[in-house]
Amino acid sequence: DSIAAMNPRALAFVAVSGTSIDWSMVPEGKARDAFKSSRGLSGHLTLNQAETELNLEFSLEFADRETASSSSQALDDLAGQSLGYLGMLVAQQPQYKAVHTALKSNRNEAQGNSVRIRATMPLGELRELMNPKQAARGN
């Protein structure tokens, strides 16, 4: 199903089996359990029409609707917890603003056996994340 839904404007595609991902980077708790129970992750990256933002759209697949629904809630909880930490980090290290902006724009939606995850990231902030020294010089 994921292949049939591919966006022809995508800059990149991702498809990974859930068992092949090391979820240890996600803090222990409901969100990690949700990720670990996923059957796979697929998605793509596109630019908006004005080519000023990177759109991220991913889908986590689960065995059933109940797991997808509880996983969506767990992801919302993790995003809420992470926003405060990232806000403090950005105050000290502004190059991480792109991650903070993407997390603030994050929207999760349980759809059947999957959770659809969407976020946007301004390209200017992404450039700062990728090359903070050059961004600090105004290049």
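**View 1. N106 sits in the loop between α3 and β4.** Helices (H or I, at least four residues) and strands (E, at least two) are DSSP runs, numbered from the N terminus. This is a predicted model, in which local features need pLDDT of at least 70, side-chain atom pairs count only at pLDDT 80 or more, and totals for chains, interfaces and linings use all residues. Residues are numbered from 1 along each chain as its sequence is written, and side-chain values use heavy atoms, with hydrogens and water left out. Is N106 buried or exposed? N106 is buried, because its relative accessible area is 14%. Buried means under 20% relative accessible area, exposed over 50%, and partly exposed in between (1.4 Å probe, protein chains only). Neighbours within four places in sequence aside, N106 is in contact with A79, I117, R118 and A119. Contact means heavy atoms within 4.5 Å.

**View 2. Helix α2 covers residues 65–92.** The helix has 28 residues. From first C-alpha to last, α2 reaches 41 Å, close to the 40 Å expected at 1.5 Å a residue. The expected span is 1.5 Å times one less than the number of residues. A kink of about 30° is centred on L83. The bend at a residue is the angle between axes fitted to the seven residues ending there and the seven starting there.

**View 3. The buried residues of α2 pack against several elements.** Which residues of α2 are buried? They are A68, S71, S72, A74, L75, L78, A79, L86, L89 and V90. An α-helix has 3.6 residues a turn, so residues three or four places apart point the same way. The packing partners are α1 (30–36), β3 (53–61), α3 (97–105), β4 (107–111) and β5 (114–122).

**View 4. D64 caps the N-terminal end of α2.** D64 is found in the loop between β3 and α2. A side-chain oxygen of D64 lies 3.2 Å from the backbone nitrogen of E66. A polar contact is a pair of N or O atoms within 3.5 Å; within protein, one must be able to donate a hydrogen and the other to accept it, and residues adjacent in sequence count only if both atoms are side-chain atoms. D64 counts as partly exposed because its relative accessibility is 28%. D64 and R118 are 54 residues apart in sequence. Their C-alpha atoms are 21 Å apart in space.

**View 5. Helix α3 crosses helix α4 (residues 123–130).** The two axes come within 7 Å and cross at roughly 135°. Therefore α3 is oblique to α4. The contact is made by K97, A98, V99 and T101 of α3 and by E125, L126 and L129 of α4. Axes are lines fitted to C-alpha atoms, for helices over the stretch in contact, and angles run from 0 to 180 degrees between N-to-C directions. Angles under 35 degrees count as roughly parallel, over 145 as roughly antiparallel, 65 to 115 as roughly perpendicular and the rest as oblique.

**View 6. Helix α3 has buried residues and a partly exposed V99.** A98, H100, T101, A102 and S105 are buried. The buried residues of α3 pack against α2, β4, β5 and α4. V99, also found in α3, counts as partly exposed at 31% relative accessibility. Neighbours within four places in sequence aside, V99 is in contact with L86 and L129. V99 and E109 are 10 residues apart along the chain, with their C-alpha atoms separated by 20 Å.

**View 7. R116 lies in strand β5.** Which side chain makes a polar contact with the side chain of R116? That partner is E57, at 2.4 Å. Neighbours within four places in sequence aside, R116 is in contact with E57, F58, S59, R107, N108, E109 and Q111. R116 is partly exposed, with a relative accessible area of 25%. R116 and A98 are 18 residues apart in sequence and 20 Å apart in space, C-alpha to C-alpha.

**View 8. F35 is placed in helix α1.** F35 is buried, because its relative accessible area is 14%. Neighbours within four places in sequence aside, F35 is in contact with W23, V26, L60 and L75. F35 and I21 are 14 residues apart in sequence. Their C-alpha atoms are 9.2 Å apart in space.

**View 9. E51 has a positive phi.** The phi of E51 is about 55°, although E51 is not a glycine. Most residues other than glycine have a negative phi. E51 is placed in the loop between β2 (40–47) and β3. At 53% relative accessibility, E51 counts as exposed.
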